[in-house]
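Please look over the sequence and the 3D structure below before reading on. The paragraphs that follow move from charged pairs to a helix contact and then to some details of the backbone.

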Amino acid sequence: MRTIAVLGGGIGGLAASYYLCKSPQVAKVVVLESSSRFGGWLWTTRRSDGAVFEHGPRGIRPAGAVGRNTLNMMDDLGLGGEILPVTYSHVASQNRYLYVNKQLHRMPSGISGLLRTIPPFSRPLLLSVATEILVKKGKEDDETIHSFITRRLGKELADIAVDSLCRGVFAGDCRKLSVRSCFPLFYNAEQRRGSLTLGMLLGSGPGPVVPPGPLAQRSIKESWAQWSLRRGLESLPESITEYLQQSGKVQIHRDAAVTHISPSACGWKINLKDGVVSADHIISALPAKALSAALPSSCQPLIQQLQDITSVTVAVVNLEYEGSILPVTGFGHLLPSSEDHGVLGVVYDSVPFPQHNRPDGQTTRLTVMMGGAWFQEVFGDPDAVTEEHLLARATEAVQHHLGVTTSPSWSCVALHRDCIPQYYQGHFRKVESMCNFIKEKNLSLSLIGSSYGGVSVNDVIFSGRKAVEELLGAGV
């Protein structure tokens, strides 16, 4: 492989470039990013007084092969000393809340939480778990998350807990989202063991093998539930960018939107607004719709499948309040769609990561997430909504849910258009069909990023690694 072009400089494109860099088989990597910054949704504001605010993801989970893979990358980049871990025993891990019927309810945890009836639920969760083992295996090759959980654990858990969880993770509607693509662990547990409970206890099949490096070993020993970085999560794409620039074989281009790609004798010709790049192979980390707009008409079936993957828009409102204003302490709270379509949840950022508060004086940092699958319905056209309206809605939510009567001393509104792809029922068939088309047509093209096989930071990084391994052979 002489030249590989990576389309998109978000965390997926940067991760793929990082793994490509490590291979002696690759002579040159060209990264093309349409915006003026790298990192995509990993976006941090660092205020001059030392306070740190996240506009995208704010914590990364260390668990599983994909979690270990990211920590191994952190080791390699020399970021181990920057990590802020949150353990399972930390109050932010122990206390998570639901806002139901205009009240905050702590989610049940531990054995006593399973045995007792805890509002907003009408019976002990252990009953749902115990009877779940007896439920017959589903016959469909996919179903919605709501249908799957209703069938196995009951309608109440689906309507309240899982509805809220899907809004928190995917900003999406569990009545449309696919269990097979969004929660493969649940789907595989039922397929392999006939039960979620047995699958969780006995394991639900082999996954990728990633040996833990020093940081991953430390995360296991110290029981980390999640982690961030001292200067915010944008430090990760910044470090990868620096690593690529120092490698000597990567060309990085900002403000380089891809307008069209077409097959050429040696692979691909990539048209930009102000030039052309030739490459033997393309790794696309672009959102599905963006890639579909750049592909040649000879790829029509692929274009159609890419256009079918929709994404939702989320408003992220960072708020800073003077003093300690929280009536409860924990990670934050989520709302089921039955409570409020517009507000998805509130994260109490100062609890898991007090190191991001400004050093002098007591403050409380919160983030309100709004919209998602309900954005148009509640707020209208994202191009027409004002920051003032979104800020007012966010501060009103904090006032009603947490009883905060003071106004925030600082705020920032970020509108993330089409930021989270929605894996609707049958999503896996679309992905299979796209991969088959690429194989049949022998296209020198790899698809990575959050549009296909996982929306978490870990999933996206791992998709970059997998694509490079499939292209060049394992061992990157």
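**Charged pairs and backbone details**

Glu 238 has a relative accessibility of 32%, so this residue counts as partly exposed. The model is a predicted one, and in it the side chain of Glu 238 meets that of Arg 46 in a salt bridge, with 3.0 Å from N to O. Because Glu 238 lies in helix H12 (residues 235-247) while Arg 46 lies in strand E3 (residues 44-46), the pair ties together parts that are 192 residues apart in sequence. Arg 46, with 28% relative accessibility, is partly exposed.

Another of them joins Asp 49 to Arg 47, where the closest N and O atoms are 2.8 Å apart; here Asp 49 is partly exposed at 30%, whereas Arg 47 is buried at 18% relative accessibility. Within helix H18, Arg 465 and Glu 469 lie four residues apart, which is about one turn of the helix, and their side chains also meet in a salt bridge of 3.0 Å, N to O. Arg 465 has a relative accessible area of 16% and is therefore buried, the cut-off being under 20%. Salt bridges can also be linked to one another, as in the network that holds Glu 132, Glu 143, Arg 151, Arg 152 and Glu 190.

Next comes the packing of helices. Two packed helices are described by the angle between their axes and by the distance between those axes. For helix H1 (residues 11-21) and helix H2 (residues 64-77), the axes come within 13 Å and cross at roughly 65°, and the crossing is left-handed. On the H1 side the contact is made by Ala 15, Tyr 18 and Tyr 19, and on the H2 side by Asn 69, Met 73, Asp 76 and Leu 77. Sorted by class, this contact has five nonpolar residues, one polar residue and one charged residue.

Finally, consider the backbone itself. In the loop between helix H4 (110-115) and helix H5 (125-132) is Pro 120, and the peptide bond that leads from Pro 119 to Pro 120 is cis, with omega near 10°. Ala 171, in the loop between helix H7 (155-170) and helix H8 (179-182), has a positive phi of about 50° although this residue is not a glycine, and at 3% relative accessibility Ala 171 is buried. Asp 418, found in strand E18 (residues 410-421), is not a glycine either and has a positive phi near 50°, but Asp 418 is partly exposed, at 47%.

Technical notes. Residues are numbered from 1 along each chain as its sequence is written. This is a predicted model: local features need pLDDT of at least 70, side-chain atom pairs count only at pLDDT 80 or more; totals for chains, interfaces and linings use all residues. Side-chain values use heavy atoms; hydrogens and water are left out. Helices (H or I, at least four residues) and strands (E, at least two) are DSSP runs, numbered from the N terminus. Buried means under 20% relative accessible area, exposed over 50%, partly exposed in between (1.4 Å probe, protein chains only). Axes are lines fitted to C-alpha atoms, for helices over the stretch in contact, and angles run from 0 to 180 degrees between N-to-C directions. A crossing is left-handed if the near helix is turned anticlockwise from the far one by less than a right angle, and right-handed if clockwise. Contact means heavy atoms within 4.5 Å. Ala, Val, Leu, Ile, Met, Phe, Trp, Tyr, Cys and Pro count as nonpolar, Asp, Glu, Lys and Arg as charged, and the others, Gly among them, as polar. A salt bridge is a side-chain nitrogen of Lys or Arg within 4 Å of a carboxyl oxygen of Asp or Glu.
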